[in-house]
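Me: I have just opened this entry and would like a friendly tour. Could you walk me through it with some questions and answers?

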Amino acid sequence: MKTASWIVLVVAGGATLALGLLSLSRAYGSYRDRLGPATVSELAQGRPEVESAVRGRRSTAAAFAAGFSTLFLAIALGPYRRGDVWAWWAIAAGTLVVSVGILLRVPLLGARLGADVGGLLLGIVGVGLALGAGRLRGGK
């Protein structure tokens, strides 16, 4: 179970890193980004500062996703894999903060777009941590 646990966490961290970097390249590139049925350019309607602000927000979120997943992977591949109990709690706390922050968009903003990412991350990491929960009983 311990091996399956860290492998699930590495897959989740790797996917988050890859998607964060993809989102970052789209924020800075010429990709025709969509927000629902319209592109960012259509929503900005000739106001370059609006398009720039939306792309800037996306780049900030993507950079944080890439940074979070880099730290997540460093913990999962090092201390967590070794069996350090603090690493289980660090991964759990970090994932909970990120996921709840993403999921709050539904009740607070009425926006479902992107909320599935928070739920998916929480679910996959939750499974990985559940597989490694045995380390909490008398671990390091």
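Reply: Here is a short tour in questions and answers, and please keep in mind that this is a predicted model.

Me: How many helices and strands does the protein chain have, and in what order do they run?
Reply: Welcome! The protein chain holds six helices and two strands. Read from the N terminus on, the order of the elements is α-β-β-α-α-α-α-α.

Me: What does the C-alpha trace span along its principal axes, and what share of the residues is buried?
Reply: The C-alpha trace of the protein chain spans about 60 × 30 × 20 Å along its principal axes. The chain has 140 residues, and the buried share of them is 33%.

Me: Is H1 roughly parallel or roughly antiparallel to H6?
Reply: Helix H1 covers residues 2-28 and helix H6 covers residues 115-131; they pack with axes 7 Å apart, at an angle of about 160 degrees. Angles over 145 degrees count as roughly antiparallel. Therefore H1 is, relative to H6, roughly antiparallel.

Me: Which residues of H6 make the contact with H1, and what classes of residue take part?
Reply: On the H1 side the contact uses Ala-4, Ser-5, Val-8, Leu-9, Ala-12 and Thr-16. By class, the contact of H1 with H6 has nine nonpolar, three polar and no charged residues. The H6 side is made by Leu-121, Ile-124, Val-125, Gly-128, Leu-129 and Leu-131.

Me: Which members of the largest nonpolar core touch the most other members?
Reply: In soluble globular proteins, nonpolar side chains tend to be buried together. Here the largest nonpolar core has 14 residues, and the elements giving two or more residues to this core are H1, helix H3 (48-82), helix H4 (85-103) and H6. The members that touch the most others are Leu-9, Tyr-80, Ile-91, Val-125 and Leu-129.

Me: Which residues does Leu-9 touch, not counting residues up to four places away in sequence?
Reply: Leu-9 is one of the H1 residues in the contact with H6. With residues up to four places away in sequence left out, Leu-9 touches Phe-72, Ala-76, Tyr-80, Ile-91, Val-125, Gly-128 and Leu-129.

Me: Is H3 roughly parallel or roughly antiparallel to H4, and what is the handedness of the crossing?
Reply: The axes of H3 and H4 come within 9 Å and cross at roughly 160 degrees. H3 is therefore roughly antiparallel to H4. Among the residues that meet are Phe-72 and Tyr-80 in H3 and Trp-88 and Ile-91 in H4. As for handedness, H3 passes H4 in a crossing that is left-handed.

Conventions
Residues numbered from 1 in each chain as written. Predicted model: local features only at pLDDT ≥ 70, side-chain atom pairs only at ≥ 80, totals over all residues. Heavy atoms only, no water. Axes fitted to C-alpha atoms, helices over the stretch in contact; angles between N-to-C directions. Helix = DSSP H or I, 4+ residues; strand = E, 2+ residues; numbered from the N terminus. Parallel < 35°, antiparallel > 145°, perpendicular 65-115°, else oblique. Contact = heavy atoms within 4.5 Å. Nonpolar A, V, L, I, M, F, W, Y, C, P; charged D, E, K, R; others polar. Core = buried A, V, L, I, M, F, W, Y, C linked by side-chain atoms within 4.5 Å. Buried < 20%, exposed > 50% of the residue type's maximum accessible area, 1.4 Å probe, protein only. Left-handed = near helix turned anticlockwise from the far one by under 90°.
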